[in-house]
Amino acid sequence: AVERSGAAAAAPPAFRAERRPGGLELSWNPAAHPLVMVRDAETGEVLAFARGGRTTVAAVGAEVELVFADGLRSAVRRIRR
């Protein structure tokens, strides 16, 4: 599900998520979304602030939330483990 913040929220971003042993590898277009915040969807705990279009995070819960920022707006995506 996509949640949007603000009246003119960013378009849902294209990204790739691959499960790896011990974590989740994410890649996205850093020109469109320079910053991605990754957090545990259940607890709200921030797992990472990622830049550069690629990161691997240790996913601790059943679902992670990705908040893609473009400098003005954000788009939220959730991934189930």
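**Salt bridges in a predicted model**

Student: How many salt bridges does the count come to?
Tutor: The model is predicted. A pair counts when a Lys or Arg side-chain nitrogen lies within 4 Å of an Asp or Glu carboxyl oxygen. By this rule the count comes to 8 salt bridges.

Student: What is the N to O distance in the salt bridge of Arg-20 and Glu-18?
Tutor: Arg-20 is partly exposed, at 37% relative accessibility. Glu-18 is partly exposed too, at 24%. Their side chains meet in a salt bridge, N to O, at 2.8 Å.

Student: Is Glu-25 buried or exposed?
Tutor: The side chain of Glu-25 meets that of Arg-20 in a salt bridge, 3.5 Å from N to O. Buried means under 20% relative accessible area. Glu-25 has 17%, so Glu-25 is buried.

Student: Which residues are linked with Arg-20 in a network of salt bridges?
Tutor: Arg-20 forms a salt bridge with Glu-18. Arg-20 also forms one with Glu-25. The network links Arg-20 with Arg-16, Glu-18, Glu-25 and Arg-54.

Student: How many residues apart in sequence are the parts that Glu-65 and Arg-78 tie together?
Tutor: Glu-65 forms a salt bridge with Arg-78, the closest N and O atoms being 3.0 Å apart. Glu-65 lies in strand β7, residues 63–69, and Arg-78 in strand β8, residues 74–80. The pair therefore ties together parts whose separation in sequence is 13 residues.

Student: What is the relative accessible area of Glu-65?
Tutor: Its partner Arg-78 is partly exposed, at 34%. Glu-65 is buried. Its relative accessible area is 6%.

Technical notes. Residues numbered from 1 in each chain as written. Predicted model: local features only at pLDDT ≥ 70, side-chain atom pairs only at ≥ 80, totals over all residues. Heavy atoms only, no water. Buried < 20%, exposed > 50% of the residue type's maximum accessible area, 1.4 Å probe, protein only. Helix = DSSP H or I, 4+ residues; strand = E, 2+ residues; numbered from the N terminus.
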